[in-house]
Structure formats: structure tokens, C-alpha cells
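Here is a friendly walk through one protein chain, meant to be read with the picture open beside you. Take a moment to turn the structure around before you read on.

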Amino acid sequence: MAQGKATITAVSTHNNTIIASHEITVKSSSLKTIEEAKALPDGNTVSVQGTVTFIDSNNNYYIQDDTGGIDLFKNRQDLGLSVGDMAAVTGKLATYRGLREIVPDGVVKVSSNNPLPEPKLVTIKDVNNYQSQRVKIENVTLGTINTDGNTEITNLQGNKINIYRIPMLKEVKEGDLVNVTAVASIFDTPQLRVRVAEDIIKTELGEDEVPPVIDHTPIMEGNINLDLEVKAKVTDDRKIEKVKLYYRTKGEKDYKSKEMTLIDEEYGAVIPKVELNILGLEYYIWATDGTNEITDPKIILILHIL
Ligand SMILES: [Ca+2]
């Protein structure tokens, strides 16, 4: 029964002039947003409505509403939907290799030729937060193209993700820097599904205008009898070229510097204890992406003899 007002009429079978009618309001209380539906565990029956954004050769139908996306899949059954259709679906929640799905019992095409949701600009690292939604990933290098399997793409920071069964490309080739519009999917690990060749567009890097970001918790005190390790998270929209630690004994004119090296996602350098002085230590961190430089504010560290 559709959402809205409906009238229930009862007619006596003994005397058909005896009629009672009553108007009821039908609320679609069972219709959930996709995000609400996905918050429920597998096995629950849900009803959602969304636009079909991608259909693969196994008849996985990805649908998306304003809150999220989900895959419809029932034994490779043709659900009679096309990309751009608004589909109302009821079925059981399931998960396959990390992908949340609805196994549909009933599918209704509400309308056709709807515009696809605007892809959300995401990074490779957080693709899975947008599972079954349309996403855009910018400035990635195309790996070896494999239309039957995985095509790896790599961003400027070196993070990688596969495009599964990439469409045959015309304008773009291996090694090109591209922007990719895709549906975020997963098969044990996150992957992308690209609908048409036109969703992979060649791009060029403009001038790097965003300096690195230094995330450092200042060290306020140190032990003069121990080597002092200084660590910082340093990130950039493109690539970190160099990170250095500058330090001097308080009152000295010149800074000494040490390159900070990346270990476990943090840049670090060690000042040997022989270079520490009871007068105190001033230090700051400097980073460059090759174009833009940044320094973390100067810190005066008090050293103690313990
Ligand atoms: Ca930069």
C-alpha cells in the first residue's frame, strides 16, 4: 500500500445498504534511509529507496540516497533496473566480503532517468567510509590496465587502491595522472567500480599552493642524561620532501639541524645527550613539500639534571 490516505469500506454481506467506512493514514514507517538501514545487523528486513548508480556484470545493483549507498544482489538475478532508475526495495540485509547488501524480495521502479548523485571528493584512505556511494578521487596515477581484474591507482602520497574491471579506456593510458569517478565498493579490501570510460579523466598538477601541516606536541621538559627524541606527524596534500629539526642551546646564536626521518607515519630525530645543556634547549621543526615551507613554532625546552 502506498504512503498517504486510504479509505477502508466494509459492506454487510447480509444487507448491502449497511456500509461503514473509515479513513486511515498509511505511514511508510518501515521506509528507512540507507544509512538507517545499514545501521541494522544482517538478517533484518528493510525497505529503502535510492537511485541506481552502477550495475555490474554479476547483477550487483548499487543504489544511493542522500544518506548513503548499498548494493542490491540476489543470486545474479536481473532486477529489471537501469542506471538512473529510482528503486524502492524491500529485502534482507546481508554482508558479502565486507560489502553491505540487501537481498531483495521486492523491487519497484519508482522513476527513470534521474541524475546520479554528485560524487563526493574522497581520499584513497577513507574510501570505505563511503561504501556503495559515488566518489571522486583526484590526482592518481593509473597502473597497468586490466579490464578483467584489478587496475591499481596510486595517489601522490603513495596510497593505492584497485579499480576492479575498469572499462576499456580510449583517451587515457597507463602512467597517466587522472581523476577517477567511481562507486566505492569492497571485496575484503576496498575497491572502486568505474561505470564508463569518461569517468576517468586525464589531469595535470597545478602549482602546489598548500604547505605541509606539522602536528607536534611540544616537549616541555627533558632529562639531560638521556638522548632526546623529537617526533612529529607531518603531512601534505601532495608529498613531503624534507623535514628537519633545528635546535640550539638557549643563548646560542646558531641552530644545528638534523633531518627527521619517517618511521611509522611519524617523523623523528634524536638529539644525543652530549649535545644537551642545562641552560635549556630551543627547537623548532621545519618541513617542505618542495614548493612551500612551514615551521612549527619555536619551543624552549627546559632541561633538568635528574
Ligand atoms: Ca603541498
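Is Asp 188 buried or exposed? Asp 188 counts as exposed, because it has 8 C-beta neighbours inside 10 Å and a residue with 12 or fewer such neighbours is put in that class. Please keep in mind that this is a predicted model. Asp 188 sits in the loop that links β12 (177-187) with β13 (189-193). Its phi is near 70°, a positive value in a residue other than glycine. The two strands on either side form a hairpin with one residue between them, and Asp 188 is in that turn.

Now follow the hairpin itself. β12 and β13 run antiparallel and are joined by five bridges.

Strand β11 (residues 160-164) runs parallel to β13, with two bridges between them. Here Ile 163 stands opposite Leu 192 in β13. How is β13 placed relative to the rest of the structure? Four of its five residues are buried, so β13 is largely enclosed by the rest of the structure.

In soluble globular proteins, nonpolar side chains tend to be buried together.

Let us compare how some single residues are surrounded.

| Residue | Other C-beta atoms within 10 Å | Class |
|---|---|---|
| Ser 132 | 27 atoms | buried |
| Asn 155 | 18 atoms | partly exposed |
| Asp 264 | 6 atoms | exposed |

Ser 132 belongs to the loop between β8 (120-121) and β9 (134-142). Ser 132 is buried because 27 other C-beta atoms lie within 10 Å, and the cut-off for that class is 20 or more. Leaving aside residues within four places in sequence, the contacts of Ser 132 include Tyr 62, Gln 64, Asp 71 and Val 183. The C-alpha atoms of Ser 132 and Ile 224, 92 residues apart along the chain, are separated by 55 Å.

Asn 155 has its place in strand β10 (residues 150-155). Not counting residues up to four places away in sequence, Asn 155 touches Ile 124, Asn 139 and Val 140. Between the C-alpha atoms of Asn 155 and Thr 249, which are 94 residues apart along the chain, there is a separation of 41 Å.

Asp 264 is found in the loop between β20 (261-263) and β21 (266-271). Asp 264 has a positive phi of about 50°, although it is not a glycine.

Another part to look for is a barrel. Five strands make a closed barrel in the order β3-β4-β5-β7-β6, with mixed pairing. On average, neighbouring strands of this sheet are turned by 55° against each other, direction ignored. Within it, strand β5 (residues 69-72) and strand β7 (residues 99-111) run parallel and are joined by two bridges. Asp 71 stands opposite Glu 101 in β7.

Finally, step back and view the whole chain. The protein chain contains one helix and 24 strands. What radius of gyration does the protein chain have? The value is 29 Å, whereas a compact globule of 306 residues would have one near 19 Å. Along its principal axes, the C-alpha trace spans about 110 × 50 × 30 Å. Buried residues make up 25% of the 306 residues. Among contacts between residues at least 6 apart in sequence, 58% join residues at least 24 apart.

Definitions and conventions: Residues numbered from 1 in each chain as written. Predicted model: local features only at pLDDT ≥ 70, side-chain atom pairs only at ≥ 80, totals over all residues. Rg over C-alpha atoms; globule rule 2.2 N^0.38 Å. Contact = placed C-beta atoms within 7 Å. Pairing = 2+ DSSP bridges. Axes fitted to C-alpha atoms, helices over the stretch in contact; angles between N-to-C directions.
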